[in-house]
Amino acid sequence: MSHLTQPRLLLVDDEPAFRSLASRWLSDSGYTVETAADIASAREVVKHFDADLMLLDLSLPPTFDPMTTLAAVPEFASRPVIILTGHGDRELALEAIRQGAWDFLAKPIDPDMLAVVVRRALSKHQLEKELLQLKRGLGKEQALSRLIGASPSMEAIRALVQRIAATDVRVLVTGPSGTGKEVISRALHDLSQRASGPFISVHCGAIPADLLESELFGHTKGAFTGADRERPGLLKLADGGTLFLDEIGEMPLPMQVKLLRVLQEGTFYPVGGRELQHINVRLVSATNAHLLDKVAEGSFREDLYYRIKGVTIETRALSERPEDIPQLLRYFLDQWQVKMNMPAPSPSAEALDWFISRPWPGNVRELRSTLESVAAISQGRVITMEDIALLHPQSRSRSVAAPDSQDQSLEAQVRALEIRLLSQALQDCDGNRTHAALQLGLSRQGLLKKMERYGLD
């Protein structure tokens with residue numbers, strides 16, 4: 001309902017005199033009114049007249065059966081439906097509400113009461129719509145906020161996700177294990193037009209090959225030994241939403257052929273079934289393998305590769321983007337604090353240097369696990385090197401000046417060094433940014449920009 005246009009009302013009643021009288025009342029109150037004499041006519045009207053509210057008489061032709069009319073309420077319930085009836089029946093009123101009606105008025109209708117009920121319903125419905133839009137907006141912000149990092153690669157991923165999320169283009173997310181491929185895939189779903197639909201995740205390598213077909217396609221009762229009931233597959237469960245195929249490079253070749261057919265036609269047969277199933281899903285795939293190498297060696301079908309790749313999003317190893325580590329640490333500590341219901345410790349400058357300089361072969365997944373373990377044994381408000389050394393004794397002999405940089409590029413090492421120097425200066429100056437900037441030979445604004453870039457408090 002727009003505040004700049006008159007609210008639109010649809011009045012459905014089989015009595016011409018009442019339609020005329022009530023239309024005049026409502027028009028005089030500032031509403032645009034259309035009328036219909038039965039449910040069939042109402043369906044035709046709403047095709048060209050998107051009513052903001054509907055007034056529906058219970059006793060309508062051809063059956064004049066209130067229960068028949070009530071059964072039609074759900075199809076109109078995207079707007080408030082106010083039931084009008086000459087029957088002062090409390091059970092009918094309750095049934096109307098159960099079917100999705102907004103309110104209930106008994107005839108004869110009092111014009112002042114009608115005006116109050118209509119105005120209240122429209123106002124409340126408008127508030128609910130605005131609240132829903134606000135929640136959707138917050139949901140989109142939260143989806144993007146989970147794509148954490150200040151590195152150029154993460155900024156590029158966020159920009160690309162924002163641009164393609166609203167489309168139905170197929171997406172292939174590639175990169176090393178533990179770099180957040182499923183987080184990216186879920187963000188694509190949460191930002192899409194399908195956000196209210198299901199997000200179904202399938203790990204293609206975790207399901208045994210002989211079970212994968214029935215897991216994906218479902219099966220009928222008696223399709224094989226142990227199939228004691230019909231069971232829908234994950235493809236059907238994803239209908240109307242997003243299907244995420246994780247580690248698709250591990251899918252067996254026979255299954256690849258069947259998946260290709262689904263992607264081409266949008267249809268499939270359950271195992272043991274003869275009834276064709278139709279689905280409408282957005283496909284997002286992920287892999288840590290080089291699929292073109294697998295195509296060359298014959299373990300992945302070339303035609304399937306070009307079906308799934310659509311837009312490719314490539315994630316980077318954490319060792320290539322050390323500037324993302326401070327933001328990731330802060331995010332995981334915030335989550336840890338909520339989970340444990342206790343204040344989360346913060347890493348000291350020396351501890352932060354240790355986290356930044358490690359190669360993290362398990363990437364973000366390993367970083368999170370290590371941080372949570374160290375936070376759990378930390379005795380104070382600060383994570384110290386002593387805390388880290390209890391779980392990682394080799395860190396005792398580490399030289400802060402000589403980080404383990406064997407897996408980092410020169411550019412990554414330079415960024416990591418800059419983070420360490422900033423963190424150390426802030427610690428030396430007890431968090432005083434003006435003094436820290438002077439110590440580093442930077443302007444205060446220059447220091448603030450670098451702190452924002454690297455997610456340093």
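User: In this predicted model, does asparagine 363 count as buried or exposed?

Analyst: The relative accessibility of asparagine 363 is 3%, and the cut-off for a buried residue is under 20% relative accessible area. The residue is found in helix H15, and its phi is near 60 degrees, a positive value in a residue other than glycine. With its 3% relative accessibility, asparagine 363 therefore counts as buried.

User: How many of the nine residues of helix H14 are buried?

Analyst: Helix H14 spans residues 349–357 and is mostly covered. Among its buried residues are Ala349, Asp353, Trp354 and Ser357, and Leu352, Phe355 and Ile356 are buried as well. Of the nine residues in H14, the number that are buried is eight.

User: How are H13 and H14 oriented to each other, and which residues of H14 make the contact?

Analyst: Helix H13, residues 325–340, packs with H14 at an angle of about 115 degrees, and their axes are 10 Å apart. Since angles of 65 to 115 degrees count as roughly perpendicular, H13 and H14 are therefore roughly perpendicular to each other. From H13 the contact takes Ile325, Pro326 and Leu329, and from H14 it takes Leu352, Phe355 and Ile356.

User: What is the strand order of the sheet that contains S1, and which are its edge strands?

Analyst: This is an open sheet of five strands with parallel pairing, in the order S2-S1-S3-S4-S5. From one strand to the next, the twist averages 20 degrees. Two strands pair on one side only, and these edge strands are S2 (32–36) and S5 (103–106).

User: Which residue in S2 stands opposite valine 12?

Analyst: S1 is largely enclosed by the rest of the structure, because four of its five residues are buried. S1 and S2 pair in the parallel sense over five bridges. Opposite valine 12, the residue that stands in S2 is alanine 36.

User: Which residue in S5 stands opposite isoleucine 83?

Analyst: Strand S4, residues 81–85, is joined to S5 by four bridges, and the two run parallel. Opposite isoleucine 83, the residue in S5 is phenylalanine 104.

User: In S10, which residue is the bridge partner of serine 201?

Analyst: S7 is joined to strand S10, residues 242–246, by five bridges, and the two strands run parallel. Within S10, the bridge partner of serine 201 is phenylalanine 244.

User: What is the omega of the cis peptide bond from lysine 107 to proline 108?

Analyst: Proline 108 lies in the loop between S5 and helix H5, which covers residues 111–145. The peptide bond that leads from lysine 107 to proline 108 is cis, and its omega is near 0 degrees.

Definitions and conventions:
Residues numbered from 1 in each chain as written. Predicted model: local features only at pLDDT ≥ 70, side-chain atom pairs only at ≥ 80, totals over all residues. Heavy atoms only, no water. Buried < 20%, exposed > 50% of the residue type's maximum accessible area, 1.4 Å probe, protein only. Pairing = 2+ DSSP bridges. Axes fitted to C-alpha atoms, helices over the stretch in contact; angles between N-to-C directions. Parallel < 35°, antiparallel > 145°, perpendicular 65-115°, else oblique. Contact = heavy atoms within 4.5 Å.
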